Amino acid sequence: MTQTQPETIDQRLVMALAHPLRVRILEILTERVASPNGLSEQLDTGLSHVAYHTRTLKKCGCLELVDTAQRRGATEHFYKASPEAFVGSRAWRKVPRALRSSITSASLQTFMDKAVAAFEAGTIDDREDTTLCWMPLHLDQRGWDEVTAILRRATDQVLAAQGRSNRRLARARTRDEAISAVVAVANFETGGSRRT
């Protein structure tokens, strides 16, 4: 639409990542719904500190308010990560290159931590329909562009499926049916690439 939209996205996402606690809050709220109070307990950090960073993430468009509850005369707000807040989305790739390596490092570490935890818990191989594959490829620029487009469409379809799933889970009024999952999509140039 406008030429300033990517710049606006860049600034919001850079702001969201400006503090490591915000990244941790975002990771937790990707997995479950929580309030700043619950986050404070889990992170062993002061409530006012967590609430401040949660509000910042909300202002940046990374969180969605999903519920409120009255607790001791105050309103407790419950949040979840918005679908576009996940690290690695096309919007995250617009973050200035100087900041990308730390984002990529944190993303890969989080992914590896989740994979190792699933392996240790025995859940990584429990389902017959688990997908776990990687493949080395040799591509020309056109092939790279084709693969990138395929993965973008797949990412959009996964996010759409998550949205439909969340609506069904909300109607069910129970989270017992929810399957906690990690979906990873990647294509990157290897260190062994030769440019000719």
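## Arginine patch

Arginine 171 is exposed, at 61% relative accessible area (exposed is over 50%, buried under 20%, partly exposed in between; 1.4 Å probe, protein chains only). The model is predicted: local features need pLDDT of at least 70, side-chain atom pairs count only at pLDDT 80 or more, and totals for chains, interfaces and linings use all residues. Residues are numbered from 1 along each chain as its sequence is written, and side-chain values use heavy atoms, with hydrogens and water left out.

Arginine 171 sits in helix 6 (residues 141-172). Helices here are DSSP runs of H or I with at least four residues, strands are E runs of at least two, and both are numbered from the N terminus. Patch members have over 30% relative accessible area and no salt bridge; like charges are joined within 9 Å, nonpolar side chains (Val, Leu, Ile, Met, Phe, Trp, Tyr) within 5 Å.

## Nonpolar patch

Val182 lies in the segment after helix 6. Valine 182 is partly exposed, at 47% relative accessibility. With Phe111, Met112 and Val116, Val182 forms a nonpolar surface patch of about 330 Å² accessible area together. Areas come from the Shrake-Rupley method with a 1.4 Å probe; for residues, only the protein chains shown count as cover.

## Salt bridges

The count is five salt bridges, each a side-chain nitrogen of Lys or Arg within 4 Å of a carboxyl oxygen of Asp or Glu. Arginine 24 pairs with glutamate 27 at 3.3 Å, N to O. These two are three residues apart in helix 2 (residues 20-31), so about one helical turn separates them.

Arginine 142 bridges to glutamate 146, with closest N and O atoms 3.8 Å apart. Both lie in helix 6, four residues apart. Arginine 142 is exposed at 64%; glutamate 146 is partly exposed at 45%.

## Buried histidine

Histidine 53 is in helix 4 (residues 47-59). Histidine 53 is buried, at 3% relative accessibility. Beyond neighbours within four places in sequence, histidine 53 contacts His19, Leu21, Arg22 and Ile25 (heavy atoms within 4.5 Å).

## Positive phi

Aspartate 44 has a positive phi near 50°. Aspartate 44 occupies the loop between helix 3 (36-43) and helix 4.
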